[in-house]
Amino acid sequence: MLCQYETELTHMINDVKKFTKDGKVADYIPALATANQNTLAVAVFDGTDTCFSAGQSREKFTLQSISKVLTLALAIMDHGEEYVFSKVGMEPTGDPFNSIIKLESHAPSKPLNPMINAGALAVSHLIKGANSEEKIERLLHFIRMLSGNQTISYNLAVAKSEFETADLNRSLAYFMKQHGIIEGDIEVLLDFYTKQCAIETDCHDLARIGYVLANGGKSTLNNEEIVPMSVARIVKTFMVTCGMYNASGEFAMKVGIPAKSGVSGGIVGSVPNGMGIGIYGPALDDKGNSIAGMKLLEAMSSKYQLSIF
Ligand code: DON
């Protein structure tokens, strides 16, 4: 069975790999610009002992925006749903992930959802910890539990590269500070946020993380609760409505899998009660989503009937 899946996944990769040529590797974070545009890899975990995979599925990449799903879960676990959603909204924006426009045009100036950069910064601000190091250690501990991989850490060079060039995120954060959404030292927040985005995983780690969310927040190792079921439900809802930013509607229609992308080219997918999926394909479309990764998910959804709709 395992071999059959891997053969099928390899065929699907071969079918959609051509789309990598139509995309572009992110370069606004200089350290991401060196990624190999042609890479396309996948791992799938269905709760049994092994992950099945195809392509360069052991290649590491940084989470980038995929981390927003995990900080949202941790922030709700830290503070409860009511407090978190007093700082960030629940509605899709239809705008690019780094847009400032709705912050200014909506009153109060609360970011519309936790998946856009403004919302993610407001959520990262809520993670408990005396300083940035303590916060990142708590987040890493959480991600190691979700993935079952104790070696997961962040890539300091990528974090530094983003920190030094994150002037758009800085402006979003200062804007929100002025409007009372966040408080404290913005440079400390940026330090944490860029480290959070620079956490490194491979497709197998992502597949296991996606599986825990799919499995109502329970670990596959001992069925222990890592995320309360209600929190797993909330984050999967945001994956559906906002996970692919201003492509979320089309993605829901064509693929129908709760998923979250990052500008490194990673995508985590979480098929409720079924499986976790990790994808890596650094060539992005103009909305910042892995161009071939989305095609691969579309092919998988169609072949294995994974749409939740
Ligand atoms: O804040 C940023 O711009 C990046 N660290 C993360 C953005 C991102 O991954 C958007 N995803 N598709």
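Good morning. A search of the whole structure finds 7 aromatic pairs. The model before you is a predicted one, and I shall begin with two of those pairs. By way of reminder, a pair of aromatic rings is described by the distance of the centres and the angle of the planes.

Consider Tyr28 and Phe97. The ring centres of Tyr28 and Phe97 are 6.3 Å apart and their planes stand at 40°, so this pair is classed as tilted. Which parts of the chain does the pair tie together? Tyr28 is in the loop between strand S1 (24-25) and S2, while Phe97 is in the loop between helix H3 (81-87) and helix H4 (101-105), so the contact joins parts that are 69 residues apart in sequence. Are the two residues buried or exposed? Tyr28 has a relative accessibility of 41% and is therefore counted as partly exposed. Phe97 has 10%, which places it among the buried residues, because the limit for that class is under 20%.

The next pair is Phe85 with Phe238. The two rings are stacked, with 5.7 Å from centre to centre and 20° between the planes. Phe85 belongs to helix H3 and Phe238 to helix H11 (residues 229-242), so this pair ties together parts that are 153 residues apart in sequence. Phe85 is buried, at a relative accessible area of 9%, and Phe238 is buried as well, at 6%.

Ring pairs also link Tyr5, Phe52 and Tyr304 into a cluster. Phe52 leads us to the sheet, as it is the bridge partner, in S3, of Val44.

Let me now describe that sheet. In which order do its strands lie? The sheet is open and is formed by 5 strands in the order S3-S2-S8-S7-S6, with antiparallel pairing. At the edges are strand S3 (51-54) and strand S6 (259-261), each of which pairs on one side only. On average, neighbouring strands of this sheet are turned by 10° against each other, direction ignored. Helix H10 (residues 203-214) packs on the sheet, where it touches S2, S3, strand S7 (266-271) and strand S8 (275-280). The direction of H10 makes about 150° with that of S8. As for the S2 and S3 pairing, strand S2 (residues 41-45) is joined to S3 by 4 bridges, and the two run antiparallel. In general terms, strands of a sheet pair through backbone hydrogen bonds, either parallel or antiparallel.

With a relative accessibility of 24%, Ala35 counts as partly exposed. What does Ala35 touch, not counting residues up to four places away in sequence? Its contacts on that basis are Val25, Tyr280 and Pro282.

The phi angle of Tyr245 is near 55°, a positive value in a residue other than glycine. Tyr245 is buried, with a relative accessible area of 9%.

Asn273 is found in the loop between S7 and S8. Its phi is also positive, at about 60°, although Asn273 is not a glycine. Is this residue buried or exposed? Asn273 is exposed, with a relative accessible area of 73%.

I shall close with the chain as a whole. Its secondary structure comes to 13 helices and 9 strands. How does its radius of gyration stand against the globule rule? The value is 18 Å, close to the 19 Å that the rule gives for 309 residues, so the chain is as compact as a globular protein of that length. Taken along the principal axes, the C-alpha atoms fill a box of roughly 55 × 40 × 35 Å. Of the 309 residues in the chain, 57% are buried. Among contacts with a separation of 6 or more, 68% come from residues 24 or more positions apart. The chain exposes about 12600 Å², of which carbon and sulfur atoms supply 53%.

Thank you for your attention.

Terms used:
Residues numbered from 1 in each chain as written. Predicted model: local features only at pLDDT ≥ 70, side-chain atom pairs only at ≥ 80, totals over all residues. Heavy atoms only, no water. Pairing = 2+ DSSP bridges. Axes fitted to C-alpha atoms, helices over the stretch in contact; angles between N-to-C directions. Contact = heavy atoms within 4.5 Å. Rg over C-alpha atoms; globule rule 2.2 N^0.38 Å. Buried < 20%, exposed > 50% of the residue type's maximum accessible area, 1.4 Å probe, protein only. Areas by Shrake-Rupley, 256 points an atom, 1.4 Å probe, with all protein chains shown as cover. Phe/Tyr/Trp six-rings, centres within 6.5 Å; stacked < 30°, edge-to-face > 60°.
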